[in-house]
Amino acid sequence: MNLSDVICTTIAKRTLLEFDYDGYRRRVEPYTLGYHKDTGNLVLSAFQTYGFSRGNHIPKWRLFLVTNMTNTKELEAPPFNLRFGFNPRDKRLMRIICTI
(Lines give C-alpha, C1' and ligand atoms only; values in the text may rest on other atoms or scores of the structure.)
Protein backbone atom coordinates (compact mmCIF):
# COMPACT_ATOMS: atom_id res chain seq x y z
CA MET A 1 0.00 0.00 0.00
CA ASN A 2 1.48 3.38 -1.00
CA LEU A 3 1.30 6.52 1.15
CA SER A 4 -1.69 7.96 -0.74
CA ASP A 5 -3.60 4.72 -0.09
CA VAL A 6 -2.72 4.86 3.63
CA ILE A 7 -3.88 8.48 3.83
CA CYS A 8 -7.13 7.77 1.96
CA THR A 9 -7.83 4.77 4.19
CA THR A 10 -7.44 6.88 7.35
CA ILE A 11 -9.64 9.59 5.83
CA ALA A 12 -12.37 7.05 5.02
CA LYS A 13 -12.20 5.55 8.51
CA ARG A 14 -11.73 8.97 10.20
CA THR A 15 -8.84 7.62 12.24
CA LEU A 16 -5.74 9.51 13.34
CA LEU A 17 -2.58 9.65 11.28
CA GLU A 18 0.90 10.14 12.77
CA PHE A 19 4.09 11.06 10.90
CA ASP A 20 7.36 12.96 11.03
CA TYR A 21 7.39 16.34 9.28
CA ASP A 22 10.07 19.06 9.33
CA GLY A 23 11.82 17.39 12.25
CA TYR A 24 8.73 17.03 14.45
CA ARG A 25 6.37 14.15 15.15
CA ARG A 26 2.81 15.15 14.20
CA ARG A 27 -0.59 13.63 14.93
CA VAL A 28 -3.47 14.76 12.76
CA GLU A 29 -7.08 14.18 11.87
CA PRO A 30 -6.80 13.79 8.07
CA TYR A 31 -9.58 15.37 6.01
CA THR A 32 -8.61 15.81 2.36
CA LEU A 33 -5.85 14.61 0.05
CA GLY A 34 -5.39 16.50 -3.20
CA TYR A 35 -3.20 18.57 -5.49
CA HIS A 36 -2.45 22.18 -4.56
CA LYS A 37 -3.86 24.61 -7.11
CA ASP A 38 -0.73 26.81 -7.24
CA THR A 39 2.11 24.30 -6.94
CA GLY A 40 0.57 21.05 -8.20
CA ASN A 41 2.06 19.28 -5.16
CA LEU A 42 0.18 16.48 -3.45
CA VAL A 43 -0.93 17.80 -0.04
CA LEU A 44 -2.91 16.62 2.95
CA SER A 45 -5.38 19.02 4.58
CA ALA A 46 -5.58 18.03 8.22
CA PHE A 47 -6.29 19.25 11.74
CA GLN A 48 -3.17 18.80 13.87
CA THR A 49 -3.89 17.55 17.38
CA TYR A 50 -0.38 16.76 18.64
CA GLY A 51 3.18 17.82 17.92
CA PHE A 52 4.80 21.15 17.29
CA SER A 53 5.96 23.23 14.37
CA ARG A 54 8.88 25.58 13.96
CA GLY A 55 6.85 28.23 15.78
CA ASN A 56 6.65 25.93 18.86
CA HIS A 57 2.87 25.65 18.78
CA ILE A 58 0.25 23.35 17.34
CA PRO A 59 -0.95 25.06 14.16
CA LYS A 60 -4.38 23.34 14.11
CA TRP A 61 -5.61 23.41 10.45
CA ARG A 62 -2.84 23.16 7.87
CA LEU A 63 -1.63 21.63 4.63
CA PHE A 64 1.15 19.04 4.73
CA LEU A 65 3.29 18.33 1.69
CA VAL A 66 2.97 14.54 1.29
CA THR A 67 6.54 14.13 -0.02
CA ASN A 68 7.80 15.55 3.31
CA MET A 69 5.82 13.08 5.45
CA THR A 70 7.91 10.15 6.78
CA ASN A 71 7.35 7.27 9.22
CA THR A 72 3.62 7.56 8.57
CA LYS A 73 1.23 5.28 10.41
CA GLU A 74 -2.45 4.98 11.18
CA LEU A 75 -3.27 5.04 14.89
CA GLU A 76 -5.78 2.73 16.47
CA ALA A 77 -8.42 5.10 17.79
CA PRO A 78 -12.17 5.62 17.58
CA PRO A 79 -13.31 7.75 14.61
CA PHE A 80 -12.91 11.46 15.24
CA ASN A 81 -15.76 13.98 15.00
CA LEU A 82 -15.73 16.54 12.21
CA ARG A 83 -14.06 19.82 13.17
CA PHE A 84 -15.42 23.29 12.65
CA GLY A 85 -13.75 24.81 9.61
CA PHE A 86 -13.68 21.69 7.46
CA ASN A 87 -14.48 22.50 3.83
CA PRO A 88 -14.88 19.48 1.51
CA ARG A 89 -14.49 21.81 -1.49
CA ASP A 90 -11.20 23.36 -0.37
CA LYS A 91 -10.37 26.12 -2.87
CA ARG A 92 -6.63 25.61 -2.30
CA LEU A 93 -6.88 22.27 -4.10
CA MET A 94 -7.32 21.86 -7.85
CA ARG A 95 -8.00 18.11 -7.75
CA ILE A 96 -9.14 16.10 -4.76
CA ILE A 97 -8.06 12.46 -4.47
CA CYS A 98 -10.13 11.64 -1.38
CA THR A 99 -11.98 13.52 1.33
CA ILE A 100 -14.34 12.86 4.21
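The side chains of E18 and R27 meet in a salt bridge, with an N to O distance of 2.9 Å; the term stands for a side-chain nitrogen of Lys or Arg within 4 Å of a carboxyl oxygen of Asp or Glu. The model is a predicted one, in which local features need pLDDT of at least 70 and side-chain atom pairs count only at pLDDT 80 or more, while totals for chains, interfaces and linings use all residues. Residues are numbered from 1 along each chain as its sequence is written, and side-chain values use heavy atoms, with hydrogens and water left out.

E18 is buried at a relative accessible area of 9%, whereas R27 is partly exposed at 25%. Here buried means under 20% relative accessible area, exposed means over 50%, and partly exposed is in between, with a 1.4 Å probe and protein chains only.

D20 and R25 also pair through their side chains in a salt bridge, at 3.1 Å from N to O. D20 has a relative accessibility of 22% and counts as partly exposed; R25 is partly exposed too, at 26%. E18, D20, R25 and R27 are linked in a network of salt bridges. Side chains of opposite charge can pair when their charged atoms come close.

Across the whole structure, the search finds 7 salt bridges. One of them joins the side chains of K37 and D38, at 3.6 Å from N to O. In that pair, K37 is partly exposed, with 47% relative accessible area, and D38 is exposed, with 59%.

The nonpolar residues come next. The largest nonpolar core has 16 residues, and those with the most contacts inside it are I7, L17, F19, L33, L44, F64 and M69. Such a core is a set of buried Ala, Val, Leu, Ile, Met, Phe, Trp, Tyr and Cys residues joined through side-chain atoms within 4.5 Å. Two or more residues come from each of α1 (3-13), β1 (17-21), β2 (24-36) and β3 (42-50); these helices (H or I, at least four residues) and strands (E, at least two) are DSSP runs numbered from the N terminus. The most is given by α1, with 4 residues. A second, separate core has 6 residues, among them L16, Y31, F47 and F86.

Strand β3 also holds Q48, which is buried at 1% relative accessibility. The side chain of Q48 reaches the backbone oxygen of Y50 at 3.3 Å. A polar atom of the Q48 side chain also lies 3.0 Å from the backbone oxygen of G51.

Note on methods: A polar contact is a pair of N or O atoms within 3.5 Å; within protein, one must be able to donate a hydrogen and the other to accept it, and residues adjacent in sequence count only if both atoms are side-chain atoms.
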